[in-house]
Structures are given as structure tokens and as C-alpha cells.
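Reader: I'm new to reading protein models. Could you walk me through a few features, one at a time?

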Amino acid sequence: MKTKYALVLSGGGFLAAFQLGAVNYLSENWKKITGLNTPMKFDLISSISGGSMNGSLLAMNKLDLLNDLWIHQIGRKGASEIYTSEFIDTSSKSDDLKFKLDLKQLSSRLNVKLDFDLRVFDKLGMIFSKKKRAKVIKSVLKELQTQIKVSLPKFKSIADNSPLKKKLQKYLDRSLIKGTKFFCGFVSLDSGKYHSVLHDEFSTNNDFVNGVLSSASIPMIWNPVKKVSFRSGLQTIVSTNNIDGGVRNVSPLGDVIKHINQDIKHHYKIIVINCSHPTPKHKDYSNKSIGAIAYRSLYEIAMNEIFNNDVNHFIKINDLIKQAESNGHSLTGINEAPLRSFDATIINPDQHIDLGNPLVANEKLIKQRMDHGKLMATQVFTNPKK
């Protein structure tokens, strides 16, 4: 029975550089790992959030481009290569998340005029009486309040990932995906449904771009992606207001296993690269902003916990199936179909290593994350029983 290889990539923002370090190790040691004389190639790739950019370019066989993107673009130029924000200083070279308040950008986004000259209020004192001056100021503030009231419902996130979208539009071409099935998972806020879409099921390449962008759109951090069109059987589905698939699906691992279970002709080996720590690092959030709290709550704790629980659940069930098979027995699922065991390798960061904030990127952090990914992959494949 021919062996096929599947790659599962977790989310994790800029921690996804860890995945690239691990993948570089796999590429350099592909023959030793698989026994194949061909360059590294995965038959299945499934990813969410920060891993989606990595997964889509790997499916296109663009590892060199992916290295250039992380090292020369994101590493050297920082987080602004992926997103901008009125609240986060994306130009900072610090290892910590730095916050700011850019009133000019904020007023533009809210369509509110905040660019008046404060010195005008000093001039009012020379022209008007104290009573009239108070009336003018009250009128200005009332108008400002009205503008904000109208515009605030349109404010859906603390950052804008338009730079990421431009890169995906420039680099992604699903016609270049040959011999690999790439699954992209995202959720519609409107319907609440999770969609796992194969690269060639998207209606157009632009829909493919928007699908990958949706998968990476962490709610409250980035705006939902308005529309993604794709085929499902004989139907064309138009999914609206789409966000990160991790909020609805347990993990992209489930998408891979679902496909593998439908392919009884091949044996599969699965490699899971999780770039987030199994246990969130202790941090003091008593004086953190709403953006930091939202990201920590939703992503670093909730979604990360879901992914890790799913991986651990898979490992336990997989071990039980292997034990049954070794004793000449088989286990069945809910539909009475026999359950299959898989050869799975999990690559995680060392729980004692701090890889920094997932929303922060600089040259030092990107190198540290890539180096650590390569180190952990080396350890896993050098000492597979550990």
C-alpha cells in the first residue's frame, strides 16, 4: 500500500515562523524521513489562521518564497508587512506589543473629523464671551458625538490586514497547486457554519485568496472577509462575513482525517506542527488594553486550548486503535465503520521557551522562532520515541 503524507498547521499569528523552521528541516531531510528520492511534497495540507499563509504557499511548492516572505519581508520590516493598526505600533522594533492611539487614522476609519486645530478654542476666548464660547464648544462636541454614534457600528476590529491581502493577491495562484490537496477552513459569522474548502473548489482564484484570508482573520483583531464563493457538490455556496476557522472547527486535523478515512487505498503519515505552547505563558493582564485582552482570551487561551485538546484526543484514540489492531481486533466509529490508525508526528515548541507575542514580529524574534522550529523538528525525528 502506497504511503502518502499529510501536513497539519495550527494557527498562532507570527509564531507561525516556528512552522517554517520545522518545514525547512523536513525539506532538508526529506529522504531520510520518508525514504523518497524526490523533493519534499505533501499529498494533503490543512491549516488555520497563521498557518494558512504557510500552508497555501507550501501547497504551491513555494518554499523559497515563503522563506523570503518571513525572513526578508516580515523579519526585516516588521508586523506592518501583514497588518496596520490605530492602536498597535506595528513599526516598533520591540519584542513586546506596543500600543498607541493614532487619532488621524482612527478618525479616517470612523469617518469622523478629529483634525480640528485645538488652538481655535484659544481664539474663541478673544472673540466670544465665556457663555458663547461654551455654547460653541458644546455644539462641536455634540456634532462629534453624532458622527461617532453613526460610525462606531462600522468599527469591527482593532487592526487592518490589508497588507496581508495584497501579498496573498500577489503570490497565491491555485493553478500552481499540483498533486497536493490543500484545505482551507473558515467560518461564516452570518450562518455560523464551518466550511472546509479544497483549493480547486473555490469559484475563482480571488475566492481562493479570500478563503485563505478568511482563515487568517482572527475576530476582533481583523475585519471579517465579506464574501467567499465555492462549490459544494452540485451547489455554489456564497459564504458571507467570514472569519478564522479555528473558532468553530476543533482543528484542521479533523479535515485531514475526514479525507483520509475516505481513501482506503493508501496509508498516511501525518505531521502536525503546532506553533503555540500547549499551556499559555503566565502574564499580568491587569493593565492591558481591550485589544490585548481580546486576543489573549480568544486566541492564546480559547482557540489554542481547542487545538491542543483535539490533538491530544486524537493521540489517545489513535493509540487505542493501534492497540486493538496489534491484538487482531478493530474498533468502529459512530457509523459502525472501522476506525483506522495513523502514523502521526507532533512538533510542538518547548514549553520552557518563550517565543514572544503572536502579534509582534521583528528580525530577532522571527529568527528565534524559525531556529526553535528547526530544533524541535530535529529532536522529534532524531528521537521519535520521546
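Reader: Let's take salt bridges. How far apart are the N and O where Lys 374 and Glu 28 meet?

Author: This model is predicted, so each distance here is computed from it. To call a salt bridge, you look for a side-chain nitrogen of Lys or Arg within 4 Å of a carboxyl oxygen of Asp or Glu. For the side chains of Lys 374 and Glu 28, N to O is 3.0 Å, and they meet in a salt bridge. Lys 374 sits in helix α12 (residues 363–382) and Glu 28 in helix α1, so the pair ties together parts that are 346 residues apart in sequence.

Reader: Are those two residues buried or exposed?

Author: Go by relative accessibility: under 20% is buried, over 50% is exposed, and partly exposed is in between. Glu 28 has a relative accessible area of 52%, so it is exposed. Lys 374 comes in at 32%, which means it counts as partly exposed.

Reader: How many salt bridges does the structure hold?

Author: Five. One of them joins Lys 4 and Asp 263, whose closest N and O atoms are 4.0 Å apart. Lys 4 belongs to strand β1 (residues 3–9) and Asp 263 to the loop between α10 (252–261) and β7 (267–273), so this pair ties together parts 259 residues apart in sequence. Lys 4 and Asp 263 are both buried.

Another of them pairs Glu 81 with Lys 167, with the closest N and O atoms 2.8 Å apart. This one links distant parts of the chain, 86 residues apart: Glu 81 is in the loop between α4 (63–77) and α5 (103–110), and Lys 167 is in helix α8. Glu 81 and Lys 167 are buried too.

Reader: On to the nonpolar side chains. Which residues touch the most other members of the largest nonpolar core?

Author: The general idea first: in soluble globular proteins, nonpolar side chains tend to be buried together. Here the largest nonpolar core has 69 residues, and Phe 42, Leu 58, Trp 70, Ile 74, Tyr 83 and Ile 273 touch the most other members. Helix α1 gives the most to this core, with seven residues. Apart from it lies another core, of 16 residues, among them Ala 6 and Phe 342.

Reader: What is Ile 74 in contact with, leaving aside neighbours within four places in sequence?

Author: Its contacts include Phe 14, Met 53, Ala 361 and Ile 366. Glu 81, the salt-bridge partner of Lys 167, is also in contact with Ile 74.

Reader: Why is helix α9 described as largely enclosed?

Author: Count its buried residues. Nine of the eleven residues of α9 (residues 205–215) are buried, so the helix is largely enclosed by the rest of the structure. The buried ones include Phe 208, Val 209 and Leu 213. Among the elements covering them are α3 (50–59), β3 (181–188) and β6 (235–244). At the start of α9, a side-chain oxygen of Thr 204 comes to within 3.3 Å of the backbone nitrogen of Asn 206.

Reader: Last one: where is confidence lowest and where is it highest?

Author: You read that from pLDDT, which averages 81 for the protein, with 73% of the residues scoring at least 70. Confidence is lowest in helix α6 (residues 120–127), at a mean of 48, and highest in helix α1 (residues 17–28), at 97. Over residues 116–121 the pLDDT is below 50, and that stretch has three contacts in the model beyond near neighbours in sequence.

Technical notes
Residues numbered from 1 in each chain as written. Predicted model: local features only at pLDDT ≥ 70, side-chain atom pairs only at ≥ 80, totals over all residues. Heavy atoms only, no water. Buried < 20%, exposed > 50% of the residue type's maximum accessible area, 1.4 Å probe, protein only. Helix = DSSP H or I, 4+ residues; strand = E, 2+ residues; numbered from the N terminus. Contact = heavy atoms within 4.5 Å. Polar contact = N/O pair within 3.5 Å; in protein donor to acceptor, adjacent residues only side chain to side chain. pLDDT = per-residue confidence, 0-100. Core = buried A, V, L, I, M, F, W, Y, C linked by side-chain atoms within 4.5 Å.
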